[in-house]
Amino acid sequence: MPYSDNLTTERPTFVSHLECSATGEHYPADQIHNLSRAGKPLLVRYDLAGVQKALSKDALLSRAPDLWRYRELLPVRRVADIVSLGEAMTPLVALPKLAAKLGGGEILVKDEGRLPTGSFKARGLVMAVSMAKAFGIKHMAMPTNGNAGAALAAYASHCGIRTTIFCPEDTPEVNVSEIGLQGAAVYRVNGLIDDCGKIVADGKAKAGWFDVSTLKEPYRIEGKKTMGLELAEQLGWTVPDIIFYPTGGGTGLIGMWKAFAELEAIGFIGKKRPRMVAVQATGCAPMVRAYEEGVEHAKRWDDAQTIAAGIRVPQAIGDFLILRAVRESNGFAIAVSDAAITAALDEAAREEGFLMCPEGAATYAAYKQGLADGRVKKSERAVLFNCATGLKYPLPPITKTLDRHQPIDFAAL
Ligand SMILES: Cc1ncc(COP(=O)(O)O)c(C=O)c1O
């Protein structure tokens, strides 16, 4: 198959309308949207009966292994609007040594660090930027903890859209640098991501930019949804028993939940759903608190702190959607300490040679905690999301040196 078939072949598309995730109110497709009139995220709806007629599992087999193979379930109408940097399907990597050590469950890691800009943010942003291109949007802005900004900058620069990006002042250096290097105007702000989000919202009218904050436009979810599509296809059109998702704004968790519903509607999978586990850090766990209190919306988490920058999100606009998916799936929300995250990262790197990002390591720490407290069973096939390459984060220094001019004591090495 030609490497680019998904990027060059026109395929039928099936978006019928958009729908308010809170009220169900309908909005027309093919128009620029942010939030619904109720101030809630909009979800993209498809003519799924039409998709079912147009798409078969066999047809997928002959398509290139990238995110665009699912075009019939994606919003981009014309190939000319696809802005691609090579969104390869990400592998599922087994961690058999860790699984054996913990007593025999199956641990698979979906390694999202292989995507452009080194994180799963590429999935959401490639879709949002492609749709922005289709709509003729010229300037986009967002608040970011780092990875989303990097993906936005990359895709927008690739197709000539201007970007302005605001990060918390302590965002990892590599993220701020890559955002700037990839053509965005990037600012460090003395606040957290929601403070940055306020600047984006306040500047909309004056600066004229399009607000592409998490869930404030409808298409990032559609991109993130492909994690669920890929996962089901990679598991032979089945779903795992349990998914651990490092949850900040929650786009991926909400997107995968939507993906499974759409796959069932088109007859690709059955009724079984994975238990969805929202993983947060003890220093910023608004979803865990809301889950435990049994409420529908999560209060802002004050003084949010964690080494896992991507999940340091004090308040999420899609809180009720995250909590709904967690509860409907019979999953749970769980917080892990920074010490547990660091230990998990170290353990996976040393024992399996798998270098996770801190947010990914949080999912492994949560898996272990869940096994220990009985919320996870060894009989369950678990999928953890490593959502960015571990190479993006500061690594411990190596201090040992060797003087090649002196005799080497090989026995002591
Ligand atoms: C590496 C990493 N993991 C997890 C998240 C959280 O993703 P979501 O907003 O979909 O909950 C982020 C977001 O910045 C991230 O960069």
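**View 1. Right-handed crossing of helices α5 and α6.** In this predicted model, α5 and α6 cross in a right-handed sense. Helix α5 spans residues 121–135 and helix α6 spans residues 147–159. Their axes come within 9 Å, and the crossing angle is roughly 35 degrees.

**View 2. Residues in contact between α5 and α6.** On the α5 side, the contact is made by K121, A122, L125, V126, V129 and K133. The α6 residues that meet them are N147, A148, A151, L152, Y155, A156 and C159. Sorted by class, the contact of the two helices holds ten nonpolar residues, one polar residue and two charged residues.

**View 3. The shell around the ligand.** The ligand is surrounded by 18 residues. Those closest to the ligand are K121, N147, Y245, G248 and G250. By class, the shell comprises seven nonpolar, eight polar and three charged residues.

**View 4. Polar atoms facing ligand oxygen.** The side chain of N147 places an N or O atom 2.8 Å from an oxygen atom of the ligand. A polar backbone atom of G310 lies 3.4 Å from an oxygen atom of the ligand.

**View 5. Burial of the ligand and the elements of its shell.** Taken alone, the ligand exposes 400 Å², of which the protein buries 97%. Strand β10 (242–246) and helix α11 (251–265) are the elements that contribute two or more residues to the shell.

Terms used
Residues numbered from 1 in each chain as written. Predicted model: local features only at pLDDT ≥ 70, side-chain atom pairs only at ≥ 80, totals over all residues. Heavy atoms only, no water. Axes fitted to C-alpha atoms, helices over the stretch in contact; angles between N-to-C directions. Helix = DSSP H or I, 4+ residues; strand = E, 2+ residues; numbered from the N terminus. Left-handed = near helix turned anticlockwise from the far one by under 90°. Contact = heavy atoms within 4.5 Å. Nonpolar A, V, L, I, M, F, W, Y, C, P; charged D, E, K, R; others polar. Near = heavy atom within 4 Å. Polar contact = N/O pair within 3.5 Å; in protein donor to acceptor, adjacent residues only side chain to side chain. Areas by Shrake-Rupley, 256 points an atom, 1.4 Å probe, with all protein chains shown as cover.
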